[in-house]
Amino acid sequence: MSHSGTTGGQPGPQRTTDRAAAPSAPARAYTELVAGNRRFVDGAPRHPNQDAGRRAAVADGQHPFAVIVGCSDSRLAAEIIFDRGLGDLFVVRTAGHTAGPEVLGSVEYAVTVLGTPLVVVLGHDSCGAVQAAREAAATGARPPGHLPAVVDAVLPSLRRAEAEGVRDIDGIVDIHIAQTVETVLGQSPVLAGEVAQGRCAVVGVSYRLAAGEVRPVAAVPADLTTLGTDPAAPAAA
């Protein structure tokens, strides 16, 4: 990981290279992600910040505008589905976007050291980790190796879904995304403090594998997704 530092000059009008030019407020950062995802869905990506100029500009420091706590699924490549480039996103991925100490520490690093204003929990429909945990809970069979750690991290979401009468897999996935948002905030007083001070926000979104689009599931503060999709809100290139 690179600490924040001085970056090079602007390589072009569609490039974002320093903290001043990057989205700073949580709602603006969310707007930028939504706009990038819309370009991806529409088949009109700009592929910003992916050239040699950008590579040189961020070699001495990084100022990502969003942390992505995403599922490791190979179809969920954050820079592609949000149409971003080098230095834009600080990505942490685990199966089922489970959030253990290393994940929380990585998020805290991005928020407190790099000044990243937005944390996104990125889940998706038909999540294999959720399905595996559901099967393990139903049969009582423990998977081999270290897989039980993933299953155990998803079980609270399964219990919550059962209590709420939710049985379809994608409904359970939504609950698991919301549960992860609560877990990240509940287990990280550092992050919770940043959110309380308005310097950061946390949003959970679900990605549709076939359609390629994301939709909000949960957010703290709760109005972030409404603010973030305001067409009048400024967006970075």
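Q: Is aspartate 73 buried or exposed, in terms of relative accessibility?

A: Buried means under 20% relative accessible area, exposed over 50% and partly exposed in between, with a 1.4 Å probe and protein chains only; at 15% relative accessibility, aspartate 73 counts as buried. This is a predicted model, in which local features need pLDDT of at least 70 and side-chain atom pairs count only at pLDDT 80 or more, while totals for chains, interfaces and linings use all residues. Residues are numbered from 1 along each chain as its sequence is written, and side-chain values use heavy atoms, with hydrogens and water left out.

Q: Which residues does UniProt list for "binding site"?

A: UniProt positions are given in the numbering used here, with shortened feature names, and annotations may be inferred rather than shown by experiment. The unreviewed UniProt entry lists Cys71, Asp73, His124 and Cys127 under "binding site". They span 57 residues in sequence, yet no two of their C-alpha atoms are more than 8.8 Å apart, so they gather at one spot.

Q: Where does aspartate 73 lie, and which residues is it in contact with?

A: Helices (H or I, at least four residues) and strands (E, at least two) are DSSP runs, numbered from the N terminus, and aspartate 73 has its place in the loop between S1 and helix H3 (78-81). Contact means heavy atoms within 4.5 Å; leaving aside neighbours within four places in sequence, aspartate 73 is in contact with Arg93 and His124. Cysteine 71, in strand S1 (residues 66-71), is buried with a relative accessible area of 5%, and, not counting residues up to four places away in sequence, cysteine 71 touches residues including Arg93, His124 and Cys127.

Q: Which side chain does a polar contact join to that of histidine 176?

A: A polar contact is a pair of N or O atoms within 3.5 Å; within protein, one must be able to donate a hydrogen and the other to accept it, and residues adjacent in sequence count only if both atoms are side-chain atoms. Here a polar contact of 2.7 Å joins the side chains of histidine 176 and serine 157. Histidine 176 is found in helix H7 (residues 169-187) and, at 2% relative accessibility, counts as buried.

Q: At roughly what angle do the axes of helix H5 and helix H6 cross?

A: Two packed helices are described by the angle between their axes and the distance between the axes. Axes are lines fitted to C-alpha atoms, for helices over the stretch in contact, and angles run from 0 to 180 degrees between N-to-C directions. The axes of H5 (residues 128-139) and H6 (residues 147-163) come within 9 Å and cross at roughly 80 degrees.
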